[in-house]
Amino acid sequence: MTILQVAAAGALILLGIGLYGLLALRNLIKVVIALQIMVKGVVLALVAAGSLSGQINLGQSLAVTLIVADTVVAVVGLALAVQVRRRFGSLDVRELSTLRG
Amino acid sequence: MFNLVPLVIAFPVAGVLLNLAFGMRIREPITGIIASVMSGLAFAVSVLQLLALISQPEGAIVSLGEWIQVGSLSISWSFRVDTLSATMMLVVTGVGTLIHIYSIGYMHGDARFTRFFVYLNLFLAAMLLLVSADNFLLLFVGWEGVGLCSYLLIGFWFDKPGGEGWRNSSAARKAFLANRVGDAGLLLAMFAMFWAFGSLNFADVFGQAEETLAVGTPLATLIALLLLLGVTGKSAQIPLFVWLPDAMAGPTPASALIHAATMVTAGVYLIARTGVLFALSPVAQGMVVLVGTCTALLAASIAVGQNDIKRVLAYSTISQLGFMVAAVGMGAYTAGLFHLVTHAFFKALLFMAAGSVIHGVAHGFGHVERGEAFDPQDMRVMGGLRSKMPVTFWTYIAGALALAGLPPLAGFFSKDEILLAAFEHYPLAYVALTAAAFLTAFYIARQMLMVFFGKGRTQAAAHAVESGRFMLIPLIILAGLSVIGGALNLPGVHTLGGWLEHTTHEAEAGAFNAGVAGVSTALALLGFGLAYLLYGRRPVGERDPLEGALFNALRNKWWVDELYDQIAVRPYNSLSRLAAGFDRAAIDGAGLRLARLMTWLGETARIAQTGQLNWNVAGIVGGLLIVLIIVVLGRGA
């Protein structure tokens, strides 16, 4: 098993865990964490893809950029979670749907 | 002079507009006076036309420009002045003006005084359009216009309490529907004429008909019979006469103007105008004579059994219209139109005098007998009014004797010309019409005896008062005309015959026949005598001296209304209910079911729209998977 195969398998597993978390979890903070896990899988895939195509620098710089962007996502997500908790008194995503009909 | 003819219509229209615009702001009699003045001006213009025609009897056609221009159809606003239309104009505006003046008195105090005069003026305008039109479409506009005004005036008191308002508006609808049937006939006749001759102008149609159609061709018969259907509707002939007695629900001046003197004679005018077409079809002419004769006899017999003062006159009108229609059917246009003119005088007089009687009796009732059910039109509550209402009485006598056809009053000469024409061409019709003339004398004598003679049978009759000036002056003028109207066309002189000859091309002028005149006069006197024996010597109470099976049939109008109810009204109502059921179940049902299906689809699709984050993610992932599968499979293929 080459290092690349390990990286691909690791990326798929991280994506799978994140996806399961998004589908199954109700707590908003856990949802943000699940999203992070998915994005980490993508970062791993980017680095592996850079190595596979021989453009290692490009792959790594994309990965760094994604980490920065992803951090912003996490921050905004957690800030939202704080506001949601304040306004609804709960972090349960089911209680966020105020649309009735 | 002829160019002034549009003014005949313009004046009543101006009256309508003036009263519509300012009627609410000016006091009661003023609106009536405006309407009467407009009517009088129209009469003045008609007189000018008459003077112009004396020097130029072939008349003229005055065109105001195009109205409709589609393909080969060309209709213009053109009016025809000839001796026939001028005669009608004079009758309509002359009698109409008198009735306008009478109405000022009769409608005094009515909440819708102004509206009544607007309708009357509108009616005059439509009627004058009808008689002065130079093509069938313009005539049809007037024809429909008078029908509309008739409807509006019959239902004028639609809001009277105690179910009477409902009966009034039902009568109006009945009149309108019966007229509709006739109007459909006239419309179809117009279609047939346009199809056959490519034009609706009188001159073109008559010219082409004479050139291209032989006597007795089916087309000529078809057109003439369709025209006859129109005539039976407007002129209240069998089978469509049932609306006219009910039309008495309207105010009495409207009955006098529309349902006695003018509108109902439109059919007679139409046959006289389209005489060329009827001359081409002996079958249709025979039908016209048959319809007229049967109507004259049937209606005269029903009039004997009625107790409502206006209903007697209504059936009398139907009967007299039958005389006129029979006359024009025989080709005796002069006789028919002569009777039309004299009938306009004496029947308008009789109606307005009856209105005066009703007014007087209702007034008498107002002073006594409060709170009881009371019908001021029922002749059984009257009696002895001779001394209470002397002017009404004497004018009534003039009208009644003219109607009965006693010499030398107007009705004698005109009715005798019709009987003479029948005697020469249609012996059977002569017998029937003479019988109708006998019945006419009998029922009018019965009415006079019940209303004016004997003693007042109720307090209301005993306290009746004479009507006011506005009502009596027109009565006196019309009484004078009823007495001397025969001078229009005296035997041997034939002023009217020579006058109409320019338009109707009727060669023969029947010679005076002493036998025919003698028989009808003797029968009229016999009718008077018989009525006196039955009604004059004893007071008439609840029980009629003629009481019996036959009289019962007459009182119930030979059950014609019930027959129509069975064969037309009920089946139509059933059909309507059926159609309504189909409409609700199938037409509306289809829409409803479609709506329910859509609702169900929406309810079902709503389940997917939870608004939950997890479900949304699942949706996104599912969609992504589908896209991926398509891409991967697409590459493989």
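Analyst: Gladly! This is a predicted model. Let's begin with the contact between the two chains: eleven residues of chain A and nine residues of chain B take part in it.

User: What makes a residue count as part of that contact?

Analyst: Contact means heavy atoms within 4.5 Å. By that rule, chain B gives nine residues and chain A eleven.

User: How do you know what area is buried between chain B and chain A?

Analyst: Buried area is the accessible area lost by the two parts on being put together, summed over both. For chain B and chain A this comes to about 790 Å², with carbon and sulfur atoms giving 60%. On the side of chain B that touches chain A, helix α26 (residues 613–636) gives the most, with five residues. By class, that side of chain B has four nonpolar, four polar and one charged residues.

User: How many salt bridges are there between chain B and chain A?

Analyst: The rule asks for a side-chain nitrogen of Lys or Arg within 4 Å of a carboxyl oxygen of Asp or Glu. Between chain B and chain A the count is zero.

User: Why is Tyr426(B) called partly exposed?

Analyst: Buried means under 20% relative accessible area and exposed means over 50%, with partly exposed in between. Tyr426(B) has 27% relative accessibility, so it counts as partly exposed.

User: Where in chain B does Tyr426(B) lie, and which residues does it touch?

Analyst: Tyr426(B) sits in the loop between α18 (410–425) and α19 (427–452) of chain B. Leaving aside residues up to four places away in sequence, Tyr426(B) touches Gly286(B), Val289(B), Met330(B) and Ala421(B).

Definitions and conventions: Residues are numbered from 1 along each chain as its sequence is written. Chains are lettered from A and ligands numbered from 1 in the order in which they are written. This is a predicted model: local features need pLDDT of at least 70, side-chain atom pairs count only at pLDDT 80 or more; totals for chains, interfaces and linings use all residues. Side-chain values use heavy atoms; hydrogens and water are left out. Buried area is the accessible area (1.4 Å probe) that two parts lose on being put together, summed over both. Helices (H or I, at least four residues) and strands (E, at least two) are DSSP runs, numbered from the N terminus. Ala, Val, Leu, Ile, Met, Phe, Trp, Tyr, Cys and Pro count as nonpolar, Asp, Glu, Lys and Arg as charged, and the others, Gly among them, as polar. Buried means under 20% relative accessible area, exposed over 50%, partly exposed in between (1.4 Å probe, protein chains only).
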